[in-house]
Amino acid sequence: MQLLDTQEVEYKCDCSTERVTKALIGAGEEGLREMAEDEQTEVCCHFCNKKYLFPKEEILKLLKEASK
């Protein structure tokens with residue numbers, strides 16, 4: 001075995017608001033309608049536990065975009 005390189009190991013999550021938004025859109029129109037029933041939707045990243053909050057108005061905007 002020949003060692004070619006070394007690198008520091010680190011835990012880094014690449015979640016972002018944009019990625020979470022795409023995941024919400026992936027829930028489809030019905031899923032977004034259900035989310036819009038609440039005043040706020042909270043999404044938590046399963047890797048780093050960062051929380052993303054989406055107000056009802058933003059969910060309705062995503063629903064409008066998804067129905068096009």
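Which residues in H1 are buried? They are Val-20, Thr-21 and Leu-24, where buried means under 20% relative accessible area, exposed over 50% and partly exposed in between, with a 1.4 Å probe and protein chains only. Seen down the axis of H1, these residues fall within an arc of 105°, so they line one face of the helix. The arc is that of the directions from the helix axis to the C-beta atoms.

**Before you start**

This is a predicted model, in which local features need pLDDT of at least 70, side-chain atom pairs count only at pLDDT 80 or more, and totals for chains, interfaces and linings use all residues. Residues are numbered from 1 along each chain as its sequence is written, and side-chain values use heavy atoms, with hydrogens and water left out.

**The whole chain**

Show the protein chain as a cartoon. It has three helices and two strands, in the order α-α-β-β-α from the N terminus. Helices (H or I, at least four residues) and strands (E, at least two) are DSSP runs, numbered from the N terminus.

Next, show the C-alpha trace, which spans about 55 × 25 × 15 Å along its principal axes. The radius of gyration of the protein chain is 17 Å, whereas a compact globule of 68 residues would have one near 11 Å. That radius is taken over C-alpha atoms, and the globule rule is 2.2 Å times the number of residues to the power 0.38.

Of the 68 residues in the protein chain, 21% are buried. Among contacts with a separation of 6 or more, 51% join residues 24 or more positions apart; contact means heavy atoms within 4.5 Å.

Colour by charge to see 10 positive and 15 negative side chains, with the centres of the two sets 5 Å apart. Lys and Arg count as positive and Asp and Glu as negative, while His and the chain ends are not counted. The place of a charge is NZ of Lys, CZ of Arg, CG of Asp or CD of Glu.

**Stop 1: helix H1**

Select residues 17-26, which form H1. The cover over its buried residues includes H2, S1, strand S2 (51-55) and H3.

Zoom in on Thr-21 in H1. Thr-21 is buried, with a relative accessible area of 17%. Leaving aside neighbours within four places in sequence, its contacts are Phe-54 and Leu-62.

Now turn to the other side of H1, where Glu-18, Lys-22, Ala-23 and Gly-26 are exposed. Ala-23 has a relative accessible area of 54%. Its C-alpha atom is separated by 9.8 Å from that of Val-43, which is 20 residues away along the chain.

Then select Gly-28, which follows H1 and has a positive phi, near 80°.

**Stop 2: helix H2**

Select residues 28-36 for H2, and within them the buried Gly-31, Leu-32, Met-35 and Ala-36. Viewed down the axis of H2, these fall within an arc of 140°, so they line one face of the helix. H1, strand S1 (40-44) and helix H3 (56-66) are among the elements that cover them.

**Stop 3**

Select Thr-41 in strand S1. Is Thr-41 buried or exposed? At 11% relative accessibility, Thr-41 is buried. Apart from neighbours within four places in sequence, Thr-41 is in contact with Met-35, Tyr-52, Leu-53, Phe-54 and Ile-59.

Move on to Asn-49, in the loop between S1 and S2. Asn-49 is exposed, with a relative accessible area of 54%. Check its backbone: phi is positive, about 70°, although Asn-49 is not a glycine. For a distance to display, take Asn-49 and Gly-26, which are 20 Å apart from C-alpha to C-alpha and 23 residues apart in sequence.

**Stop 4: helix H3**

Finish with H3, where Ile-59, Leu-62 and Leu-63 are buried. These cover an arc of only 105° around the axis, which puts them on the same side of H3. On the other side of H3, Glu-57, Lys-61 and Lys-64 are exposed. What covers the buried residues of H3 includes H1, H2, S1 and S2.
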